[in-house]
Amino acid sequence: MADSGKNKSASVPTHRLSRFAKLGSLATGVAGGMLAEGARQLAKGNRPNTRDMLLTPANAKRVADQLAQLRGAAMKVGQLLSMDTGDLLPEELTQILSRLRSDAKPMPFSQLTKILHDNWGDGWNKSFKQFSFDPVAAASIGQVHSAYTKDGRHLALKIQYPGVRESISSDVDNVATLLRVSGLIPKEVDFKPLLEEAKIQLQLEADYALEGKWIKTYTTLLENETDYELPEYHPDYSTENILAMSFVGGDPVETLGQKISQEQRNRVVSLLMSLLFKEIFEFKLVQTDPNFANYQYDIESEKLILLDFGATREYSDKISSAYRALMQGAIEKNRDAMEQAATDIGFFQEFIQQPQREAVLDLFETACEPLTFKGEYDFGTSNLAKRIRESGMALSTQQDYWHTPPADALFLHRKLAGLYLLAAKLKARVNMHQLFLPYIH
């Protein structure tokens, strides 16, 4: 058996009161930091304003560190805000929150071993030839450990943090209140849909039996696709709090920029976009979490590795067909077809005025720009993500378009936005129009 790791760890608060106390101490720390910064500014003869006092590096670090220690819903809110709101947040907060996408602190050895004992019973270690107590990954819901069983299997064990499942709703509400009251989120940003999405997604991700089912489903759906690799689900080592899979190793996709050629980067993003189209239009099943950590790439075999299926969502034939019609309408510059498709998805209710409809369709046309471009779309030189965010912000604040899109749309749009961000990060050039052609009617 391996020795316990030397990485910095932090115990996960397991009870609602202890988790709320953590958030309370965070609010106190932020307020104290504001007062200290205000005093410093006054001593220099400056007249401090609230924003400058709030957005000090020390305060932003307090927020990120506490959310990382709480894990679960608290950390997921930080991840969602860092990925979805982008330029809408002050740069100082965006940079700190972005750490939360991959910077969770692992559990301490004592907490980890208690979970293993509670789930596998006395003598659990006798089943393993080697068990690494240093996690290979630590995220918002759980951390992943490598282990070799005595019958020769190399497993990746996703171990859920204690108390996460029970604290989802209260954590999300508490963090939302903290961020709003502290002023760290601008008043004009309506992030309630994101918070509701966080609750739903976290409940799905916390259901490891359901994720095991999705792994088997995707394995069947992609069995004839040689470009993708998935872990194998191992039910004999899986429990309510432990998900056992075969260990599949590769390079995280967001680190590939300097490791592979332009052609290979184009191929990686093409595989991701092609898979998304298969999910929407063929499988009617979409893994909706765009977190970059969900994907790795095996440079030698040139296979895209799909790792996480906790946020998988089923889509109806109606919604699938409507999105196909929406994208085809954008390509054909048919605004009437786009408007009908958006209505079928659930965007337009009777009280929505025509100027608001037109603004929404403008936003869809912007988002479909890579599809309408004939040839390789250069994500690296495009400011597409920024324009989408600015249009969305203008829609909600200037057009008084307060109607929240249906959940199906929120999940799917976040996935596509995440893939656009990754494509830009890898400076990929992809013929999106060609990838979509098989689905044009």
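Is Phe-131 buried or exposed? Select Phe-131 in this predicted model: its relative accessibility is 0%, so Phe-131 counts as buried.

The whole structure holds 22 aromatic pairs.

For another pair, select Tyr-218 and Phe-283, both buried. Their ring centres are 6.4 Å apart and their planes stand at 85°, so the pair is edge-to-face. Tyr-218 belongs to helix α9 (residues 208-221) and Phe-283 to helix α10, and the two residues are 65 residues apart, so the pair links distant parts of the chain.

Stay with helix α10, residues 262-283, and show the sheet it packs on; the helix touches β5, β9 and β10, and its direction makes about 50° with that of β10. This open sheet has 4 strands in the order β5-β10-β9-β7, with mixed pairing. Colour β9 (residues 295-298) and β10 (residues 303-306): they pair antiparallel over 4 bridges. Within this pairing, Tyr-297 stands opposite Leu-304 of β10.

Lys-213 lies over the face of Trp-214, 4.4 Å from the ring centre. The charged end of Arg-313 sits over the ring of Phe-411, at 4.4 Å from its centre.

Finally, zoom out: the protein has 17 helices and 13 strands, and 52% of its 441 residues are buried.

Definitions and conventions
Residues are numbered from 1 along each chain as its sequence is written. This is a predicted model: local features need pLDDT of at least 70, side-chain atom pairs count only at pLDDT 80 or more; totals for chains, interfaces and linings use all residues. Side-chain values use heavy atoms; hydrogens and water are left out. Two strands pair if DSSP finds at least two bridges between them. Contact means heavy atoms within 4.5 Å. Axes are lines fitted to C-alpha atoms, for helices over the stretch in contact, and angles run from 0 to 180 degrees between N-to-C directions. Buried means under 20% relative accessible area, exposed over 50%, partly exposed in between (1.4 Å probe, protein chains only). Rings of Phe, Tyr and Trp (its six-membered ring) pair if their centres lie within 6.5 Å; planes under 30 degrees apart count as stacked, over 60 as edge-to-face and the rest as tilted. A charge sits over a ring if NZ of Lys or CZ of Arg is within 6 Å of the ring centre and within 35 degrees of the ring normal.
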